[in-house]
Amino acid sequence: MRIRIGVVVLAVVLLVAAFVASIPSRSETEAACRRALDNASTADNRPDVCQDVDAETYRTFLLMYALREEGLD
């Protein structure tokens with residue numbers, strides 16, 4: 001009986017660890033957002049990967065993208 005409980009507990013711990021490991025970090029989300037920006041991106045028309053980026057950071061990314069497109073980076 002102890003072995004069965006131990007196996008179940010271990011399985012639950014491994015599942016929780018796998019779930020937590022698959023959640024992207026803030027920096028990974030922001031990097032993906034910067035890569036997804038294009039000429040169609042606006043303050044109201046965000047790429048899907050940018051939905052979790054806060055408004056101020058997203059606006060900064062848009063400004064950086066516009067400057068880079070103008071060759072002013």
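This is a predicted model: local features need pLDDT of at least 70, side-chain atom pairs count only at pLDDT 80 or more; totals for chains, interfaces and linings use all residues.
I started with Val8, which counts as partly exposed at 48% relative accessibility. My cut-offs here: buried is under 20% relative accessible area, exposed is over 50%, and partly exposed is in between, with a 1.4 Å probe and protein chains only. Residues are numbered from 1 along each chain as its sequence is written, and side-chain values use heavy atoms, with hydrogens and water left out.

Val8 sits in helix α1, residues 2-21. Helices here are DSSP runs (H or I, at least four residues), strands likewise (E, at least two), numbered from the N terminus.

Which residues form a nonpolar patch on the surface with Val8? I found Val12, Val16, Phe19, Val20 and Ile23, and together with Val8 they have about 560 Å² of accessible area. For patches I took residues with over 30% relative accessible area and no salt bridge, joining like charges within 9 Å and nonpolar side chains (Val, Leu, Ile, Met, Phe, Trp, Tyr) within 5 Å. The areas come from the Shrake-Rupley method with a 1.4 Å probe, and for residues only the protein chains shown count as cover.

Next I searched the whole structure for salt bridges and got 2. My rule was a side-chain nitrogen of Lys or Arg within 4 Å of a carboxyl oxygen of Asp or Glu.

One of them pairs Glu30 with Arg26, with the closest N and O atoms 3.2 Å apart. Both residues are in helix α2 (residues 26-36), 4 residues apart, which is about one turn of the helix. Are the two partners buried or exposed? Glu30 comes out buried at 19% relative accessibility, while Arg26 is exposed at 60%.

Arg26 also bridges to Asp54, and there the closest N and O atoms are 3.8 Å apart. Arg26 is in helix α2 and Asp54 in the loop between α2 and α3, so this pair ties together parts that are 28 residues apart in sequence. I have Asp54 down as partly exposed, at 36% relative accessibility. In my notes, then, Arg26, Glu30 and Asp54 go down as a linked network of salt bridges.

A polar contact of 3.0 Å joins the side chains of Thr57 and Asp54. I count a polar contact as a pair of N or O atoms within 3.5 Å; within protein, one must be able to donate a hydrogen and the other to accept it, and residues adjacent in sequence count only if both atoms are side-chain atoms.

Thr57 belongs to helix α3, residues 55-69. Thr57 is buried, with a relative accessible area of 15%. Leaving out residues up to four places away in sequence, Thr57 touches Arg26 and Glu30, where contact means heavy atoms within 4.5 Å.

**The disulfide**

How many disulfides are there? The count is 1, taking a pair of cysteine sulfur atoms within 2.5 Å. The disulfide joins Cys33 to Cys50, S to S 2.1 Å. Cys33 lies in helix α2 and Cys50 in the loop between α2 and α3, so the pair ties together parts that are 17 residues apart in sequence. I also checked the torsion about the S-S bond of Cys33 and Cys50: it is about 110 degrees, so the disulfide is right-handed. Cys33 is buried at 0% relative accessibility, and Cys50 is buried at 0% as well.

**Asn45 in the loop**

Asn45 is in the loop between α2 and α3. I get 42% relative accessibility for Asn45, so Asn45 is partly exposed. What does the side chain of Asn45 reach? It gets to the backbone oxygen of Ala40, at 2.8 Å. Setting aside neighbours within four places in sequence, Asn45 contacts Ala40 and Tyr58. I also took the C-alpha separation of Asn45 and Arg26, which is 21 Å for 19 residues along the chain.

**Two stops in helix α3**

Arg59 lies in helix α3 and is exposed, with a relative accessible area of 51%. Arg59 and Ala43 are 6.9 Å apart, C-alpha to C-alpha, and 16 residues apart in sequence.

Leu63 is in helix α3 too, and at 53% relative accessibility Leu63 counts as exposed.
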